[in-house]
Amino acid sequence: MMAKVLGLVVEYNPFHYGHLHHLRESIRLANPDYVIAVMSGNFCQRGEPAIVNKFARTRIALMNGIDLVLELPTIYATQDAGGFALGSIGILHKSGVVTDIVFGSESGDIEFLKKVASLLIYQTPEFQQAFKTQLKKGYSYPNARKFALMDVLSDKVSKLSKSNDILGIEYVKSLIHYNSSITPNVIRRIGADDNDPEFKGKLSSASAIRRVIKLGDFEMTKDAIPDSTYEILKEEFQTGRGPVFWESLEFVLALFRKLKREDFGKIYSFNEGLDLRFYESARSSGDLQQFVELVKAKRFTYSRIRRAILHVLFDMEKEKIEKCNELGPQYLRVLGFNSKGREILKEIKKKSEIPIISTASLYKQVLEEAEKQNEEGKREWKIDSELFIWQFEKDILASDLYTFLYPNKSLRNAGMDFEQPVMML
């Protein structure tokens with residue numbers, strides 16, 4: 001009998017009681033033999049560096065019930081909901097073993113999310129016209145799409161206003177994109193909204209927890225995070241590997257002043273005049289927040305601007321990202337596992353569509369071996385060699401830039417991915 005494998009998409013920035021509820025309820029609902037998490041690396045979907053590095057967050061995940069942690073490549077982790085979902089669902093699908101996925105949702109209505117996903121993929125003339133109308137009003141692409149959906153699905157307008165439902169729709173779209181047999185399901189999200197800055201004890205959002213830490217009241221977070229999270233965060237903070245905050249990226253303004261408008265225009269996510277706003281704002285900003293406020297417009301959300309900052313920093317070329325979104329992730333990067341994770345990893349090695357990278361320094365050898373097996377007909381790896389290298393080297397770059405943000409300057413050396421072994425519990 002085939003094992004039942006639950007896949008989860010997480011950031012754990014940081015892991016809190018809401019995450020623990022989601023994990024436990026997902027396990028209760030799916031009743032899996034194994035639990036695999038696809039986790040954002042050192043930079044997250046809102047365009048911010050994670051508060052502590054990916055290996056520390058992997059330890060926390062393993063201590064709270066995850067069996068195997070795979071990294072979501074940086075080029076997907078820093079995209080909007082659509083790109084983020086294509087990467088994360090791509091990892092789970094291409095592993096060859098995941099049977100179920102459960103994600104949080106404000107509506108808790110998987111059939112509704114499937115209906116919306118189908119509408120977005122197989123667009124009706126009614127939806128297309130509504131979308132064009134909203135774009136003409138000056139709304140950003142995601143907001144124009146949201147309002148167009150509201151026009152078409154007026155009976156369920158309220159269900160389209162929350163971030164987890166919007167991301168859930170993208171997960172379902174991605175399952176269709178990959179023609180995946182993974183069964184999706186949802187659990188109703190509890191606690192504060194993702195972006196709620198107010199600290200509410202056990203029901204606090206990750207944003208509120210990070211805000212409290214930034215204000216210097218780390219002890220207060222004990223009410224909102226499990227002991228394992230608290231202890232590992234404390235260890236990371238005491239050694240100076242955290243906390244890392246978005247404001248630490250201020251050095252990018254110097255980089256931006258070196259660039260011309262057409263340089264910005266070559267980068268992914270730069271359209272609708274965003275290149276001009278970046279170019280002009282960089283020349284008249286003295287700090288990062290001022291820069292963002294100058295760029296901000298009805299069409300450009302704060303999250304989009306922060307992601308675009310990272311896209312420039314990582315030199316994410318439009319053509320490359322578009323090809324990555326078409327073909328999906330090119331490898332499975334193992335960040336950590338427990339004894340059960342080791343078992344399912346053996347199955348993944350047999351069934352995966354893409355190669356596994358456990359030791360970062362051997363990534364080129366992994367590719368060479370996969371190419372050799374393809375040529376000899378021993379295995380049919382679904383990889384693009386150029387994209388494989390490009391995606392993984394962006395992960396390495398992201399880690400090298402991330403360590404530069406550590407509070408402890410003596411720890412800011414590059415090479416995290418080559419020095420840190422896979423976490424084993």
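## Helix packing, cysteines and backbone features

Helices α2 and α10 are roughly antiparallel to each other. This description belongs to a predicted model, and the values below should be read with that in mind.

Two packed helices are described by the angle between their axes and the distance between the axes. Helix α2 covers residues 54-63 and helix α10 covers residues 227-239; their axes come within 10 Å and cross at roughly 160°. An angle over 145 degrees counts as roughly antiparallel, and therefore α2 and α10 receive that description. The crossing of α2 with α10 is right-handed. On the α2 side, the contact is made by A56, R59, I60 and M63, while α10 contributes S228, T229, I232, E235 and E236. Sorted by class, these residues comprise four nonpolar, two polar and three charged.

The α4 residues in the contact are A81, G82, F84, A85, L86, S88 and I89, and they meet L167, E170, Y171, S174, L175 and H177 of α8. By class, the contact of α4 with α8 has eight nonpolar residues, four polar residues and one charged residue.

The cysteines are considered next. A disulfide is a covalent bond between the sulfur atoms of two cysteines. How many disulfides does the model contain? The count comes to zero. C44 is in no disulfide, since its nearest cysteine sulfur, that of C324, is 19 Å away, whereas a disulfide requires sulfur atoms within 2.5 Å. C324 is likewise in no disulfide, with the sulfur of C44 as its nearest at 19 Å. C44 is buried, and C324 is buried as well.

The backbone also has several features worth noting. Most residues other than glycine have a negative phi, and most peptide bonds are trans. Y12 is not a glycine, yet it has a positive phi of about 50°. Y12 is found in the loop between β1 and α1. That loop also holds P14, between β1 (5-10) and α1 (17-30). The peptide bond joining N13 and P14 is cis, with omega about -5°.

N31 is another residue that is not a glycine and has a positive phi of about 50°; it lies in the loop between α1 and β2 (34-40). Is N31 buried or exposed? N31 counts as exposed, in contrast to Y12, which is buried. A further cis peptide bond joins G242 and P243, with omega about 0°, and P243 lies in the loop between α10 and α11 (252-256).

Finally, T403 belongs to helix α19, which spans residues 385-403. Which residues does T403 touch, not counting those up to four places away in sequence? They are L411, R412, N413, A414 and M416. T403 is buried.

The table gathers the accessibility of the individual residues discussed above.

| Residue | Relative accessible area | Description |
|---|---|---|
| C44 | 4% | buried |
| C324 | 0% | buried |
| T403 | 3% | buried |
| Y12 | 2% | buried |
| N31 | 60% | exposed |

Terms used
Residues numbered from 1 in each chain as written. Predicted model: local features only at pLDDT ≥ 70, side-chain atom pairs only at ≥ 80, totals over all residues. Heavy atoms only, no water. Contact = heavy atoms within 4.5 Å. Helix = DSSP H or I, 4+ residues; strand = E, 2+ residues; numbered from the N terminus. Nonpolar A, V, L, I, M, F, W, Y, C, P; charged D, E, K, R; others polar. Axes fitted to C-alpha atoms, helices over the stretch in contact; angles between N-to-C directions. Parallel < 35°, antiparallel > 145°, perpendicular 65-115°, else oblique. Left-handed = near helix turned anticlockwise from the far one by under 90°. Buried < 20%, exposed > 50% of the residue type's maximum accessible area, 1.4 Å probe, protein only.
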